[in-house]
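Please look through the structure shown here, starting from a single residue and widening out to the chain as a whole.

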Amino acid sequence: AISIALLILTIAGVVWVAAKIYRVGILMYGKKPSYKELYKWLKY
């Protein structure tokens, strides 16, 4: 049960982070982001 709960929380967290990056990153179409830019996008 703990393993399944941890898996669900991890999936939700990864989806949330990906959605934040995608939301800002879609405006930067055609430009390859660096790790520094990805971190900055997460803060928006």
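Tryptophan 16 lies in helix α1, where helices (H or I, at least four residues) and strands (E, at least two) are DSSP runs numbered from the N terminus. Tryptophan 16 is exposed, with a relative accessible area of 55%; here buried means under 20% relative accessible area, exposed over 50%, and partly exposed in between, with a 1.4 Å probe and protein chains only. Although tryptophan 16 and leucine 42 are 26 residues apart in sequence, their C-alpha atoms are 9.9 Å apart in space. This is a predicted model, in which local features need pLDDT of at least 70 and side-chain atom pairs count only at pLDDT 80 or more, while totals for chains, interfaces and linings use all residues. Residues are numbered from 1 along each chain as its sequence is written, and side-chain values use heavy atoms, with hydrogens and water left out.

Together with Leu7 and Ile11, Val15 makes a nonpolar surface patch of about 280 Å². Such patches are made of residues with over 30% relative accessible area and no salt bridge, with like charges joined within 9 Å and nonpolar side chains (Val, Leu, Ile, Met, Phe, Trp, Tyr) within 5 Å; a salt bridge is a side-chain nitrogen of Lys or Arg within 4 Å of a carboxyl oxygen of Asp or Glu. An α-helix has 3.6 residues a turn, so residues three or four places apart point the same way.

Helix α1 has 24 residues and reaches 34 Å from its first C-alpha to its last, close to the 34 Å expected at 1.5 Å a residue, the expected span being 1.5 Å times one less than the number of residues. Within α1, Lys20, Val24 and Gly25 are buried, and what covers the buried residues of α1 includes α2, contact meaning heavy atoms within 4.5 Å.

Lysine 40 lies in that helix α2, residues 35–42, and is partly exposed, with a relative accessible area of 45%.

Taken as a whole, the chain has 2 helices and 0 strands, and buried residues make up 11% of its 44 residues. The chain exposes about 4,200 Å², of which carbon and sulfur atoms supply 74%, with accessible areas coming from the Shrake-Rupley method with a 1.4 Å probe and, for residues, only the protein chains shown counting as cover.
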